[in-house]
Amino acid sequence: MTLSFTENRKPKTENPKIKLRIFLTGVGGQGTLLASRVLGEAALEAGFSPLVSETHGMAQRGGIVVSTVVLGEVKSPIISPGEADVLLGFEALETFRALDRCHARSLVIANTAAIPPYPVATGQAQYPPVSHLLQLMGEHVGGLLAFDAGDRARQAGSALAVNMVLLGALAATACLPFSQEDLLHILRTRTNPKFLEANLNAFQAGVDAAQDSQNWVRRPASWH
Amino acid sequence: MSELLTGQPGERRLFLGNEAIVRGALEAGVALVTTYPGTPASEIGDRCYEISRQSDLYFEYSVNEKVALEVAAGAAASGWRSLCSMKHVGLNVAADTLMTLAYVGVKAGMVIVSADDPSLFSSQNEQDNRFYAKMAGLPMLEPASPQEAKEMARAAFALSEELQLPVLLRTTTRVNHTRGAVTLGELAPHPGPGFFSKEPFQKVMVPAVARQAHARLLEAQARAAALSETSAFNKICGKGTWGIATSGVSSNYVEDAVAELGLQDRVQVLKLGFTHPLPVNLILKFLAPLERVLVVEELEPYLEEGLRAIAQAQGLTLPVQGKGQALFSRLYEYHPALVRRVTARYFALTDKAAEPLEPAQILGQPLPDRPPNLCPGCPHRAMYYSVKIALKDLGVEGVFPTDIGCYTLGLLPPLSMADFLICMGSSINTAAGISKATDQKVVAFIGDSTFFHSGLPGLVNAVHQGHDFLLVILDNGTTAMTGHQPHPGVTLTPPGYPCEHVPLKRVVQALGVEKLWVVNPFKYQEALAATKEAVNATGVRVLIAEAPCPLHVHRLQGRKSRARFRVTDKCQDCRHCLDYFGCPAMQLSDKLEGGRMLIDTDLCSGCAFCVQWCEAIRPVKARGK
């Protein structure tokens with residue numbers, strides 16, 4: 001469960017004895033499943049035997065969509081409360097809700113954009129201020145990178161590419177046991193060519209966001 | 001070309017458990033696949049549909065699971081390897097067939113996939129279908145991972161042929177919907193035309209034949225038990241005097257728990273993949289040296305009871321425990337930390353558990369929920385609205401038996417249009433019972449796909465018995481909830497979909513329904529007037545609300561309405577739209593202060609329904625284009 005934030009290079013033949021559990025959460029339509037699949041494919045090409053678990057069915061009608069990517073010395077495809085090393089959050093409230101998957105050393109990458117759930121949109125419940133959510137998150141996890149991924153995606157030319165922005169940010173934190181290039185290779189070979197340019201731009205926008213120190217609410221202790 | 005048809009033997013691919021099952025079946029030379037879509041099994045059918053367009057595979061979305069199982073049984077009796085997949089409750093629909101198909105047997109291999117749903121992610125119950133294998137007397141395999149799903153699907157065909165019995169491949173959601181590395185094997189060629197060899201005194205289940213067939217089934221079960229003893233899917237690993245018995249997805253949690261608790265030298269693990277019949281001798285060999293055994297299995301104590309019975313018969317008195325207080329629950333899906341915690345407790349060890357953060361506690365208040373909702377522009381919401389208003393205008397309170405599909409989300413406020421639901425097709429028959437027992441006005445709802453699945457007999461019965469209720473058939477032209485699969489009534493089909501269209505309206509008329517209305521639910525005044533007439537009439541009445549699922553239209557035709565609507569200054573803030581309609585695009589401008597209504601133009605689908613009953617809502621003038 002220990003994470004290295006140093007620049008890891010992939011071992012094509014021999015995997016180090018690592019365990020990495022990534023929890024992705026968002027709202028139906030945000031592209032969490034594609035993001036988890038890209039991570040899984042990249043891990044597979046890097047010689048791992050990843051497990052990617054998905055939510056299908058009823059939950060997708062405007063509800064919460066979660067997926068998990070685990071790799072290394074783990075057989076279980078799902079992540080228990082308190083056992084996610086990385087939380088990739090596509091929506092602010094859902095990221096906060098998924099804190100129950102995190103522990104004190106987890107790295108959280110959070111899209112600060114809010115999608116109000118229906119009870120909030122109709123005045124029956126309140127959406128806590130995003131700044132407050134971020135502040136609380138920062139106090140409880142090992143690292144928090146937070147920025148408006150929707151905004152970055154729009155600037156990169158595709159409002160729908162939030163998933164690519166977040167993948168770029170994740171890749172730039174270097175907590176993955178494979179490289180940015182491995183992920184880009186999957187994007188180039190496995191995703192719809194029609195959206196490739198926009199996706200690559202969005203990915204790079206995420207890399208840039210992770211390199212902007214202002215976006216780090218809390219730096220992981222071992223970050224350098 | 002489907003990625004399940006490409007790839008060299010030995011290559012590793014990241015497949016969903018459901019895709020791995022399809023690949024395994026293709027490697028076994030499956031020639032016919034049938035299904036009725038249902039989560040978590042749906043992708044098996046969807047991939048096979050795609051493959052059937054690109055190869056000799058015959059595939060059909062059958063009208064229900066019983067039909068699907070019988071089509072597959074006919075093919076298997078004729079020498080074609082066949083596969084039939086369904087969700088767990090689908091096997092209830094097909095259970096009549098299953099029980100006697102076990103007597104009839106098969107010629108070519110036949111595999112029945114039952115996808116169980118612990119935690120009820122998208123089901124009406126969490127029944128444990130392993131008991132079907134026991135009740136029918138059929139062999140059963142339970143994969144733990146996508147790789148095993150592929151291997152077992154492939155092996156199941158050979159096993160089926162060896163025993164001349166269909167084989168149950170029982171999965172759970174977490175196996176169906178996990179992607180994992182799968183090593184490909186060789187694809188098998190299509191077998192060519194089959195042939196049905198007549199053996200009426202073996203295959204026609206009249207009592208005299210069935211008596212013999214039952215005896216044959218018991219003999220086959222004995223042979224199956226022998227195969228279970230030596231199956232590579234059943235194994236004992238580790239050493240020590242403690243034991244853990246497990247199967248299916250739980251075996252992954254056990255493997256992680258054993259490693260994380262450092263129990264490799266203290267515990268023996270019996271991992272079972274061939275779980276009916278149980279391998280009695282292997283289990284005795286496992287139990288003999290042990291002091292105590294923990295059984296780790298989701299849902300019912302199937303293995304636990306099996307192991308205990310085997311131990312008892314041999315006079316073994318060691319504790320064999322699984323379900324109970326301080327142990328495992330019969331409820332819901334398990335997860336790795338849970339299995340580790342209970343394992344540690346059972347063997348009196350300490351578990352160095354991570355301490356999960358508690359979001360609500362950190363925030364100091366509960367987080368707002370995010371319930372699923374019918375999409376903006378959904379025709380079901382429009383029809384529900386007309387029924388609500390019709391009943392309100394008539395001063396009548398309705399009772400709403402409902403059915404299974406997206407429209408079941410009508411349960412949630414503000415629609416609140418669902419009062420009673422059991423299973424597929426239950427809306428019509430429970431409506432009959434409620435209307436008989438009460439003086440209440442009964443309006444039942446059923447979707448088009450569900451109506452073809454199991455609504456027909458109920459409607460015939462209602463006509464014949466002279467029941468008194470209104471049935472609204474919400475006809476969105478597809479099986480939307482499970483991913484837009486076609487059914488006999490569809491007009492909007494995927495390119496090249498070769499099937500005959502069976503018009504819903506003519507079917508309803510042919511069943512003897514005389515009071516029938518067909519409306520477009522997006523034409524408010526028409527829909528409202530027809531609904532009022534239909535509510536006021538007596539006897540069996542049917543109202544068909546015909547409008548395609550907008551997601552389906554968009555997917556097939558790439559068409560999306562460009563119209564958008566907004567709330568003007570005329571809005572009196574009456575909140576009728578929130579209280580009666582509840583489209584996700586309708587929101588309050590200042591959520592904290594409870595401000596004015598607005599329509600989120602990013603979410604608005606342009607269906608132009610609300611504009612017909614609210615004067616304050618007007619079109620947004622198109623800019624450019």
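The legends below describe several close-up views of a predicted model.

Because this is a predicted model, local features need pLDDT of at least 70 and side-chain atom pairs count only at pLDDT 80 or more, while totals for chains, interfaces and linings use all residues. Residues are numbered from 1 along each chain as its sequence is written, and chains are lettered from A, with ligands numbered from 1, in the order in which they are written.

**View 1. Chain A meets chain B through 47 residues of chain A and 46 residues of chain B.** Two residues are taken to be in contact if their C-beta atoms, placed from the backbone, lie within 7 Å. The elements of chain A that give two or more residues to this side are helix H1 (32-45), strand S2 (51-54), helix H2 (92-97), strand S5 (102-111), helix H3 (118-121) and helix H4 (130-140); helices (H or I, at least four residues) and strands (E, at least two) are DSSP runs numbered from the N terminus. By class, the side of chain A that touches chain B has 24 nonpolar, 15 polar and eight charged residues, where Ala, Val, Leu, Ile, Met, Phe, Trp, Tyr, Cys and Pro count as nonpolar, Asp, Glu, Lys and Arg as charged, and the others, Gly among them, as polar.

**View 2. An open sheet of nine strands has the order S7(A)-S6(A)-S5(A)-S4(A)-S1(A)-S3(A)-S2(A)-S8(B)-S1(B), with mixed pairing.** Two strands pair if DSSP finds at least two bridges between them. Strand S7 (216-218) of chain A and strand S1 (12-16) of chain B are the edge strands, each pairing on one side only, and the twist averages 20° from one strand to the next. Angles here run from 0 to 180 degrees between N-to-C directions, and axes are lines fitted to C-alpha atoms, for helices over the stretch in contact. S2(A) is joined to strand S8 (residues 178-183) of chain B by three bridges, and these two strands run antiparallel; A:Ser53 stands opposite B:Thr178 there. Within chain A, strand S4 (residues 84-89) pairs with S5(A) in the parallel sense over five bridges, and the bridge partner of A:Ala84 in S5(A) is A:Cys102. Helix H6 (residues 162-172) of chain A packs on the sheet, where it touches S4, S5 and strand S6 (143-147) of chain A, and its direction makes about 135° with that of S5(A).

**View 3. Strand S7 (residues 167-172) of chain B is mostly covered, with six of its six residues buried.** A residue is buried if 20 or more other C-beta atoms lie within 10 Å of its own, exposed if 12 or fewer, and partly exposed in between, with C-beta atoms placed from the backbone. B:Val167, B:Leu169 and B:Thr171 point one way from S7(B), whereas B:Leu168, B:Arg170 and B:Thr172 point the other way. Strand S5 (residues 110-116) of chain B is joined to S7(B) by six bridges and runs parallel to S7(B), with B:Thr171 as the bridge partner of B:Ala115. Strand S6 (residues 140-141) of chain B, also parallel to S7(B), is joined to S7(B) by two bridges, and B:Leu141 stands opposite B:Leu169. From S6(B) the chain crosses through helix H7 (residues 146-163) of chain B to S7(B) in a right-handed β-α-β crossover, meaning that, with the strands pointing away from the viewer, the path from the first strand over the helix to the second runs clockwise.

**View 4. The axes of helix H5 (residues 95-104) and helix H10 (residues 207-230) of chain B come within 7 Å and cross at roughly 85°.** H5(B) and H10(B) are therefore roughly perpendicular to each other, since angles under 35 degrees count as roughly parallel, over 145 as roughly antiparallel, 65 to 115 as roughly perpendicular and the rest as oblique. B:Ala102, B:Tyr103 and B:Val104 in H5(B) meet B:Ala210, B:Ala213, B:His214 and B:Leu217 in H10(B), and by class this contact has six nonpolar, one polar and no charged residues.

**View 5. Five strands of chain B form an open sheet in the order S15-S16-S17-S19-S18, with parallel pairing.** Strand S15 (398-399) and strand S18 (515-519) stand at the edges with a single partner strand each, so one side of each is left without a neighbour in the sheet. Strand S16 (residues 441-447) and strand S17 (residues 469-475) of chain B pair over five bridges, and B:Gly447 stands opposite B:Leu474. Helix H17 (residues 426-437) of chain B lies across S15, S16 and S17 of chain B, running at about 175° to S16(B).
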